[in-house]
Amino acid sequence: MDARHKATQWLNAANMDVSSKQEIETLMQNQEELDEAFLKDLEFGTGGLRGIMGIGTNRINKYTVGMATQGFANYLKKQFQDEVKVAIAHDSRNNSRLFAETTADVFSANGIQVYLFEDLRPTPELSFAIRNLGCQGGVVITASHNPKEYNGYKAYWNDGGQLVPPHDKNVIEEVKKISSIDEINFESEPSLIQKIGEEMDRSYLEMIKNLSLSPDAISANSDMKIVFSSIHGTGITMVPRALEELGFKNVHIVEEQKTPDGDFPTVVYPNPEETEAMTLALNKAKEIDADIVMATDPDADRVGIAVKNLEGDFQLLNGNQTGSLLVFYLMKKWSIKGLKGNEYIGKTIVTTELIRDIANSFHTKCYDTLTGFKWIADMIRKKEGQEVFIGGGEESYGYMIGEMVRDKDAVASSVIIAEMAAWAKDQELSVFELLLEIYKTYGFYYEELKSITKKGLQGAEEIKRMMEDFRSTPPKKLAGSEVTHVIDYLEGVQINSNGKKESVNFPKSNVLQYLTEDGTKVSVRPSGTEPKIKFYFSVRGDLEGSSYSETEKKLKNKIHNLLNDLNL
């Protein structure tokens, strides 16, 4: 079906409102813009929807959100014969409230009990609410850290985790069955929509307070200077409150980024992984000589931090470094409390192996999952009642502490990061010095990510060919070290250097990994949400007897050699 035909179908739909019809009529005067909006359909993927906002089948709007919700509602009603309940939250993006209310309307129109947050809230609180209220599903309207033009729709199951097999594929099939927007039931049933807010906030904050492991360290360092930025997002609703309730009395908010705003006026990308997004927070930290800087993304599931290095300059830590610090702190405190032997740490396959080394040193298991936090949530669900999840995370700034939330949680993580800093201070260490101690004990792990963007259909073909080439002709050596193992998660097989094959017990995924004799790990995968192919590099050196900057320089040079070896 061409774009004009699909646009005409929307124009003639009984459900279509007047202003949307006018937008379509305007688009029809420009073929290029019409094609952009209507030629493709915005696909409901395994994580839900994500795209640019606007009218059209290839855009995020109340109709594509309505179709997603109608399909999800149909599936929930098939799976749960009795009463079905869902929770809905949204972030600070433009139109997020409208899309959240649209989602509530469609669910209620289908006879489903809805708990809708009264205003914006962090994504992890939505995960918590699903579990707290005994819901069968949930939705959060967010596009995470994407630019301001984007929005999205993330679907959750009854454990509070994002959809995993078989439910993800089954929901997709239900959404695909809806061929017309007139099949969406928009007729809201107000009696089935209940607003939630402060009472849920209270329960969520109590849960976070119960995660605390060093109340004495917080008391002793309650005046520790913390700079926090919510980067115009939902973190402002919960992070300052959580820090205050745990006893931190000297929290400085970045005022210019305090107000929730879907235009994200002070940043290019509202992403704490980006140095530019942290600039105002770092300026504030220098001004007051802060101990630690923290910033959350728009839906407050990711957190980035900065600490003073040995020269007294503020240094941004990457996700692997923060995750390793968190895991070390958790293991140290749990070991004092007494480990029973059934505890474990979780991480993704592209996350630093330093986390595994730390867990192993405390005689605690460390399990890998595929990339994406839904797999960590799925692992916790499968091990529930048998093993105890201490914490873990992924390299892209997402961490989770304890089992009560089943998605990455920047609110709880911010609190425990601050507590870790207070605990380190009690040991007469800065956070950076604590990181150096970890490197001296376990080795200096250094990681980098290289993303190559290939847009359009031609780009998708190029990415496909690159994966096929890496799969058919894997490198024999990388940076002078022999490749000892090739792991192909699509084929479900690990092959060692003499050709021996072993099966890999993971769901199938288009990921390749090369492991070398000297401990280097290279992972290759196409992005699930962007037109990119991603290369994750992890190398290891010895910090003993040499400075941080010298060792880092050597490891950066090694990654440069890896890039050359892979012709990148």
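Reader: What makes lysine 177 count as exposed?

Author: Lysine 177 has a relative accessibility of 53%, and a residue is called exposed over 50%, buried under 20% and partly exposed in between (1.4 Å probe, protein chains only); lysine 177 therefore counts as exposed. This is a predicted model, in which local features need pLDDT of at least 70 and side-chain atom pairs count only at pLDDT 80 or more, while totals for chains, interfaces and linings use all residues. Residues are numbered from 1 along each chain as its sequence is written, and side-chain values use heavy atoms, with hydrogens and water left out.

Reader: How do you know that glutamate 174 forms a salt bridge with lysine 177?

Author: The closest N and O atoms of glutamate 174 and lysine 177 are 3.2 Å apart, and a salt bridge requires a side-chain nitrogen of Lys or Arg within 4 Å of a carboxyl oxygen of Asp or Glu, so the pair qualifies. Glutamate 174 itself is buried, because its relative accessible area is 7%.

Reader: Why is the pair of arginine 59 and glutamate 36 called a salt bridge?

Author: Their side chains meet at 3.8 Å, N to O, which places the pair inside the limit already given, and the label therefore applies. The two residues are 23 apart in the chain, with glutamate 36 in helix H3 (residues 31-38) and arginine 59 in the loop between strand S1 (48-52) and helix H4 (62-79); helices (H or I, at least four residues) and strands (E, at least two) are DSSP runs, numbered from the N terminus. Arginine 59 counts as buried at 14% relative accessibility, whereas glutamate 36, at 48%, is partly exposed. In total, the structure holds 42 salt bridges.

Reader: What makes Phe248, Ile292, Met294, Ile358 and Tyr514 stand out in the largest nonpolar core?

Author: These five touch the most other members among the 103 residues of that core, where a nonpolar core is a set of buried Ala, Val, Leu, Ile, Met, Phe, Trp, Tyr and Cys residues joined through side-chain atoms within 4.5 Å. Helix H15 (residues 410-426) gives the core its largest share, 12 residues. With contact meaning heavy atoms within 4.5 Å, isoleucine 292 touches residues including Lys225, Val227, Ile305, Val307, Ile417 and Val431, when residues up to four places away in sequence are not counted.

Reader: How do you know that strand S12 and strand S13 pair?

Author: Two strands pair if DSSP finds at least two bridges between them, and 5 bridges join S12 (residues 343-348) to S13 (residues 365-369), so these parallel strands meet the condition. From S12 the chain crosses through helix H13 (residues 354-361) to S13 in a right-handed β-α-β crossover, a term meaning that, with the strands pointing away from the viewer, the path from the first strand over the helix to the second runs clockwise.
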